[in-house]
Amino acid sequence: MRSSSVMRRTSAVGLALAACLGAAPTTTATATTATATAAPAASKSGAGLDRYYNQRLGWGGCSKGPDDTMGRDLDKAGVQCADVTVPLDYTAPRGRTITVAISRLKATDTRHRIGSILLNNGGPGNTALQSPPEFHTWMKKTGPRYDIIGFDPRFIGRSTPLDCGLPVGTNLFSAGLGRASFERQVALQKGLAAKCRATNAAVLPHVSTRNTARDMDVVRGALGEKKISYFGYSYGTYLGTVYTQMFPGRTDRMVLDGAIDPRKFGPRLLREAVGENEQALADWATWAARRDGTYGLGRTRAQVLATIDRVIRTSARGPLTVGTAPDDFRLDDTQVPFVLLAGLDSDTDTSRASLAEQVSVLNKAAAGRPTKLSPQFAGLLRLATTGDMSPMASSQSAVICGDAPAPRDPEVYWRDIQRSRAAYPRFGALNNNIGPCAFWDRPREKPTQVERDAKVLIVSATGDPRTAHKGAVALHGLLPSSKLITVKGANRHAVYGLYENACVDNNVNRYLATGKLPASDRTCAK
């Protein structure tokens, strides 16, 4: 999952961790100062969907009022916003409708215009309405040749909302160190599923990646494009892959950054990266050990990791008091590993320093010395311990649980947790933990199978701690006409534009400009 304004350092967190990114709170959007535009002829829609594909979009300002900082920034950047109407249930197109919020930064080099490129920032649960200006910058000379389209998928951000009234902003917690803490997790996750069923039972069956892909195709038609280009991070790579299978021949250029093996997508995807999480933490510990004078966590990798283990054990005996009033929180052994995972999305000095500062605060809390929190850390803990970000957690859970079934028996998870502890002492109990999908209703549709080739450009770092590099390699194998750009030796999730790697950025921009994939796979240095 991509980052947002609340925690800018966490520039891209993977699937099942969108909730730790804390997208800025938003409300359902309606464009102002609207101008209607008719969609030219596009690919046929069928299935009684013509009125959606041929709808006239009312483009207008993005700002929703004096407190809407994002909207004002988009207005200043020349971005326009509109709502696209789509059916809640594609099998009943005459029934209830919902809206999907989109934004557009129009091409200025109209003589050499390529078309529209649609952006997805992953999650699921992350918005992209705000993203066209930054992508325009990253695309350099190619940016003015595209209409750059941000969109908030169904039930996310400024699209028709979904909020289950959850008491936490993420469901991603560790099982803790013992059976009692695991049983508390079972009760918590069961309660999250029950809240969503009680508040949104009518819409939950329609929250899925396949329906989001259908929405994307309606957006394409409403924009008047016979084909559309696409850029997806993290979960957005799975969404892009699904789109190629459901709507073959309707994509122009597609970039999938932080790619997922579509056969592994589902409630337990994070198990695929447990080894990468432990390695990223160990690499960070080496970095922190060299700066013991600053952070006081230990002078060797082993000492730093021992400090972390001590903090977790202390939190298991009784919750730590972290921070000072009014920003004080109580964290136990199910929550401390979440903080670690949230800080491991990148190996830049800035990201590593941020995590080191947070672990230093936790270490002092374990010694009974709570200290004042940075706004960033307070925001992360508020997300994990309060319902402030319930809408994000609600939509994320709904998509993941609506795509693929999870094991129903809690003992399956407990056995996996116990087996993983020796090899993965900090993350085995988190990556294997039970979630709300164990108590969710079964998905309406089967997962998408990749049976068609597609010409896409895949980007991945070898140490990606969210969507493991092996997933990108697997997707490359499923799509023989694709090409893979590998960033060797980087513990980084989501690379293009965010990691400032010229090799990756130049290769992606060349492809977006020419439509020609590299002649062969490429390897970029960290």
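**Group meeting: a walk through the predicted model**

Let's start with Leu-88, which is buried, with a relative accessible area of 6%. By buried I mean under 20% relative accessible area, while exposed is over 50% and partly exposed is in between, using a 1.4 Å probe and protein chains only.

Some housekeeping, then. This is a predicted model, where local features need pLDDT of at least 70 and side-chain atom pairs count only at pLDDT 80 or more, though totals for chains, interfaces and linings use all residues. Residues are numbered from 1 along each chain as its sequence is written, and side-chain values use heavy atoms, with hydrogens and water left out.

Back to Leu-88. You'll find it in the loop between β3 (80-87) and β4 (97-105). When I say helix or strand, I mean DSSP runs, H or I of at least four residues for helices and E of at least two for strands, numbered from the N terminus. And what is Leu-88 in contact with, leaving aside its neighbours within four places in sequence? The list is Arg-96, Thr-97, Ile-98, Arg-154, Phe-155, Ala-202, Val-203, His-206 and Asn-211. Contact here means heavy atoms within 4.5 Å. Thr-251, on the other hand, is 163 residues from Leu-88 along the chain, and their C-alpha atoms are separated by 24 Å.

Thr-251 takes us to the strands, as β8 covers residues 251-257. Have a look at β7, residues 228-233, where six of the six residues are buried. In a regular strand, side chains alternate between the two faces of the sheet. In β7, Ile-228, Tyr-230 and Gly-232 point one way, Ser-229, Phe-231 and Tyr-233 point the other way, and all are buried.

Who does β7 pair with? Strand β5 (residues 115-120) pairs with β7 in the parallel sense, over four bridges, and β8 also pairs with β7 in the parallel sense, over five bridges. Pairing requires that DSSP finds at least two bridges between the strands. Keep an eye on Gly-232: it is the bridge partner of Asn-120, and it stands opposite Leu-256 in β8. To get from β7 to β8, the chain goes through helix α6 (residues 235-246), in a right-handed β-α-β crossover. Right-handed means that, with the strands pointing away from the viewer, the path from the first strand over the helix to the second runs clockwise.

Now the inside. Nonpolar side chains tend to be buried together in soluble globular proteins. The largest nonpolar core here has 120 residues, and the members that touch the most others are Ile-102, Trp-284, Val-322 and Phe-377. Helix α7 (residues 274-289) gives this core its largest share, eight residues. Apart from that core lies another, of 35 residues, including Cys-62 and Tyr-146. A nonpolar core, for us, is a set of buried Ala, Val, Leu, Ile, Met, Phe, Trp, Tyr and Cys residues joined through side-chain atoms within 4.5 Å. Beyond four places in sequence, Ile-102 has contacts that include Leu-57, Trp-59, Leu-129, Phe-151 and Leu-223.

After α11 comes Gly-368, with a positive phi near 80°.

Last topic: how many disulfides does the structure hold? Four, where a disulfide is a pair of cysteine sulfur atoms within 2.5 Å. Counting bonded cysteines along the chain, the pattern is 1-2, 3-4, 5-6, 7-8. I'll show you three of them.

Cys-164 and Cys-196 have their sulfur atoms 2.1 Å apart, and their link is right-handed, with 105° about the S-S bond. Cys-164 sits in the loop between β6 (146-152) and α4 (179-200) and Cys-196 in helix α4, so the pair ties together parts that are 32 residues apart in sequence.

For Cys-401 and Cys-437, the sulfur atoms are 2.0 Å apart, and the link is left-handed at -85°. Both of these cysteines are buried.

Finally, Cys-503 and Cys-524 also form a disulfide, with the sulfur atoms 2.0 Å apart. Cys-503 belongs to helix α17 (residues 502-514) and Cys-524 to strand β13 (residues 522-525), so the pair ties together parts 21 residues apart in sequence. Cys-503 is partly exposed at 29% relative accessible area, whereas Cys-524 is buried at 1%.
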